[in-house]
Amino acid sequence: SDTSRNEAPLLVPAHISIMHRLTADLSTTNTANCVLSLSLINIALETASTGLLTSHPSLISILQNDLCKHLLQLSTRPDLPILSLTLRVIFNLFNSIRHHLKIQLEVFL
C-alpha cells in the first residue's frame, strides 16, 4: 500500500541505529548480552529483505566491518551457545548479502 511505502524510508535510520547498537553489544564479556544481541541480529537477517540490507551504504558498512569483525572474534570463544549463534549469524549474513562480502568470505574460510 502507499502508506507502507511512505513509512519505509522513515524506518531506515532506526534499522541502522539498532543494528549498530546490537553489533556494538557483541564486544561485551557478558554472555547473556552477547547471546541476546546475536539472537536479535539473526532474526533481523532472517526477516529483512535483501533490498533493505543492501540499499543503504551505512548499513552495509556496519555488516561488512563491525559485525564481521565481532563474528570472527566470537567464533573463537569456547562457549557453545555463543559459537552456535555466531555460526547461524554468519550463515544468514552470507546468505542474505553475499555479493557485498567477498573479502569477508575469504577471511572466514
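1. Burial, and the terms used for it. Buried means under 20% relative accessible area, exposed means over 50%, and partly exposed covers what lies in between, with a 1.4 Å probe and protein chains only. Helices (H or I, at least four residues) and strands (E, at least two) are DSSP runs, numbered from the N terminus. In these terms, the buried residues of α5 are Ile82, Leu85, Thr86, Val89, Ile90, Asn92, Leu93, Phe94, Ser96 and Ile97, while for the protein as a whole 31% of the 109 residues count as buried.

2. Basis of the values. This is a predicted model, in which local features need pLDDT of at least 70 and side-chain atom pairs count only at pLDDT 80 or more, whereas totals for chains, interfaces and linings use all residues. Residues are numbered from 1 along each chain as its sequence is written, and side-chain values use heavy atoms, with hydrogens and water left out.

3. Confidence. The pLDDT, which is the predictor's confidence in each residue on a scale from 0 to 100, averages 80 over the protein, and 76% of the residues score at least 70. Where pLDDT is low, the predicted coordinates should not be read in detail.

4. Overall architecture. The protein has six helices and zero strands, so that, with elements taken as DSSP runs, the pattern along the sequence reads α-α-α-α-α-α. Among contacts between residues at least 6 apart in sequence, 68% join residues at least 24 apart. The accessible surface comes to about 6600 Å², and 60% of this belongs to carbon and sulfur atoms; these areas come from the Shrake-Rupley method with a 1.4 Å probe, and for residues only the protein chains shown count as cover.

5. Geometry of α5. Helix α5 (residues 80-97) has 18 residues and reaches 26 Å from its first C-alpha to its last, which is close to the 26 Å expected at 1.5 Å a residue. The expected span is 1.5 Å times one less than the number of residues in the helix.

6. Helix α2, residue by residue. Serine 37 has its place in helix α2 and counts as buried at 3% relative accessibility; leaving aside neighbours within four places in sequence, serine 37 is in contact with Leu22, Asp25 and Leu26. Asparagine 33, also in helix α2, counts as partly exposed at 38%, and its C-alpha lies 9.3 Å from that of leucine 22, eleven residues apart in sequence. Alanine 32 lies in helix α2 and is exposed at 53%; alanine 32 and isoleucine 82 are 50 residues apart in sequence and 9.4 Å apart in space, C-alpha to C-alpha.

7. A nonpolar patch. Leu36, Leu40 and Ile43 make a nonpolar surface patch of about 260 Å², and leucine 36 is found in helix α2. Patches are made of residues with over 30% relative accessible area and no salt bridge, with like charges joined within 9 Å and nonpolar side chains (Val, Leu, Ile, Met, Phe, Trp, Tyr) within 5 Å.

8. Salt bridges. How many salt bridges does the rule give? The count comes to two, where a salt bridge is a side-chain nitrogen of Lys or Arg within 4 Å of a carboxyl oxygen of Asp or Glu. One joins the side chains of arginine 21 and aspartate 25 (3.4 Å, N to O); arginine 21 is exposed at 54%, and aspartate 25 is partly exposed at 24%. Another joins arginine 77 and aspartate 79 (3.4 Å, N to O), where arginine 77 is partly exposed at 22% and aspartate 79 is partly exposed at 29%.

Technical notes. Contact = heavy atoms within 4.5 Å.
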